[in-house]
Amino acid sequence: QVQLVESGGGLVQAGGSLRLSCAASGSINSINDMGWYRQAPGKQREFIATISSSYHTNYADSMKGRFTISRDNAKNTVYLQMNSLKPEDTAVYYCNAGIRTTAWATLDVWGQGTLVTVSS
């Protein structure tokens, strides 16, 4: 079994910053792409960014500039640094990863989500 556990969410004032973390654990052979998504109340889940095992990043156009994704392969952890937060950034933030558990099996795993609330 493998799992992703997010942390770092909370309440922050507009203009502030937060750093989210997401750690993978369990029977892990290797981890492919890791990414972040978010879902605001009443809206569909939205792509934020992904990062490959070789640290290549890809961002949604609307997320470029304020959000930075990074990862620590030694810790099986992906991070999302969020700056200049706005009330419209309020959402549940989810991490996702392609986790190889054996030489022939890769699982698409989601975390449970962490709530970020930005007050005006």
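**A quick tour of strand E4 and its neighbours**

Hi everyone, let's start with a pairing: strand E4 and strand E5, the latter spanning residues 46–51, run antiparallel and are joined by five bridges. Please keep in mind that this is a predicted model.

Within that pairing, you can look for tyrosine 37, which stands opposite phenylalanine 47 in E5. Now follow the chain around the turn. The hairpin of E4 and E5 has six residues between the strands, and glycine 42 there takes a positive phi near 75°.

Which other strand does E4 pair with? Strand E4 covers residues 30–39, and it pairs with strand E9, residues 91–100, through eight bridges, again in the antiparallel sense.

Let's move on to the loops. What is the phi of asparagine 76? It is near 50°, a positive value in a residue other than glycine. Asparagine 76 sits in the loop between strand E7, residues 67–72, and strand E8, residues 77–82. Because its relative accessibility is 24%, asparagine 76 counts as partly exposed.

My last stop is serine 84, in the loop between E8 and E9. Serine 84 is not a glycine, yet its phi is positive, at about 50°. With a relative accessible area of 40%, serine 84 is partly exposed.

How values were computed: Residues are numbered from 1 along each chain as its sequence is written. This is a predicted model: local features need pLDDT of at least 70, side-chain atom pairs count only at pLDDT 80 or more; totals for chains, interfaces and linings use all residues. Side-chain values use heavy atoms; hydrogens and water are left out. Two strands pair if DSSP finds at least two bridges between them. Helices (H or I, at least four residues) and strands (E, at least two) are DSSP runs, numbered from the N terminus. Buried means under 20% relative accessible area, exposed over 50%, partly exposed in between (1.4 Å probe, protein chains only).
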